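Reader: I'm new to protein structures and would like to learn how to read one. Could you show me the model and walk me through it?

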Amino acid sequence: MKFLSHEAYFDSAGPQAKPLLAAIQAKVEALVPSASRCIGYNMPAFRDGSVFFYFAAFKKHIGVYPPVRLDAGLIEELEPYRGEKGNLSFPLEQKLPLDLIGRVALALHRERGRS
């Protein structure tokens with residue numbers, strides 16, 4: 001299925017993931033008001049000049065992409081959630097660290113979007 005909006009993607013997500021996706025969306029929009037919603041790689045994403053933040057739901061986790069590259073302190077703090085390529089995986093059975101994800105969005109906006 002090809003998604004044309006965040007809402008269409010969220011509607012396809014499981015009941016456990018849907019409110020988490022909405023919370024991430026709201027957090028990014030609050031922190032980066034100049035960002036606009038888009039779909040990238042068939043996932044919800046945000047752009048501000050260029051796409052800087054992607055997020056997606058899976059059976060057991062929420063993924064956030066791409067990896068943060070330039071903030072060493074934040075990278076260290078993200079270690080428990082980082083996969084081998086640096087992408088983030090937040091297990092559905094754990095409380096979503098929304099403030100941390102917000103800091104990731106800000107870091108990625110500085111790295112990849114307009115700052």
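Reader: Thanks! Before we go on, what kind of model is this?

Author: This is a predicted model, in which local features need pLDDT of at least 70 and side-chain atom pairs count only at pLDDT 80 or more, while totals for chains, interfaces and linings use all residues. Residues are numbered from 1 along each chain as its sequence is written, and side-chain values use heavy atoms, with hydrogens and water left out.

Reader: In what order do the strands of the sheet come?

Author: Two strands pair if DSSP finds at least two bridges between them. Here an open sheet of 5 strands has the order 1-2-3-4-5, with antiparallel pairing. Strand 1 and strand 5 are the edge strands, since each pairs on one side only. From one strand to the next, the twist averages 25°. Angles run from 0 to 180 degrees between N-to-C directions, and axes are lines fitted to C-alpha atoms, for helices over the stretch in contact.

Reader: Which residue is the bridge partner of G63 in strand 5?

Author: That partner is S89. Strand 4 and strand 5 pair in the antiparallel sense over 4 bridges. Strand 3 and strand 4 also pair in the antiparallel sense over 4 bridges, and F55 stands opposite V64 in strand 4.

Reader: Which strands does helix 2 lie across?

Author: For this we need contact, which means heavy atoms within 4.5 Å. Helix 2 lies across strand 1, strand 2, strand 3 and strand 4, and it runs at about 160° to strand 3. Helix 4 packs on the sheet too, touching strand 2, strand 3, strand 4 and strand 5, and its direction makes about 150° with that of strand 3.

Reader: How many residues does the largest nonpolar core have?

Author: First, the general idea: in soluble globular proteins, nonpolar side chains tend to be buried together. A nonpolar core is a set of buried Ala, Val, Leu, Ile, Met, Phe, Trp, Tyr and Cys residues joined through side-chain atoms within 4.5 Å. In this model the largest one has 39 residues, and those with the most contacts inside it are F53, I62 and V104. Helix 1 (6-12), helix 2 (18-31), strand 2 (43-48), strand 3 (50-57), strand 4 (61-65), helix 3, strand 5 (88-91) and helix 4 each supply at least two residues of this core. Not counting residues up to four places away in sequence, V104 touches F53, V64, V68, L74, L78 and L88.

Reader: Is Q25 buried or exposed?

Author: Q25 counts as buried because its relative accessibility is 9%. This residue lies in helix 2. Leaving aside its neighbours within four places in sequence, Q25 is in contact with H6, F10, R37, F46 and F55.

Reader: How many salt bridges does the count come to?

Author: Side chains of opposite charge can pair when their charged atoms come close. A salt bridge is a side-chain nitrogen of Lys or Arg within 4 Å of a carboxyl oxygen of Asp or Glu. By this rule the count comes to 6 salt bridges. In one of them, the side chains of R103 and E77 meet at 2.8 Å, N to O. R103 lies in helix 4 (residues 98-112) and E77 in helix 3 (residues 72-77), so the pair ties together parts that are 26 residues apart in sequence. Another joins E29 and R37 at 2.5 Å, N to O. E29 counts as partly exposed, at 28% relative accessibility, and R37 counts as partly exposed at 38%.

Reader: Where is Y41, and what is its phi near?

Author: Y41 is in the loop between strand 1 (36-40) and strand 2. Its phi is near 55°, a positive value in a residue other than glycine. With 72% relative accessibility, Y41 counts as exposed.

Terms used
Buried < 20%, exposed > 50% of the residue type's maximum accessible area, 1.4 Å probe, protein only.
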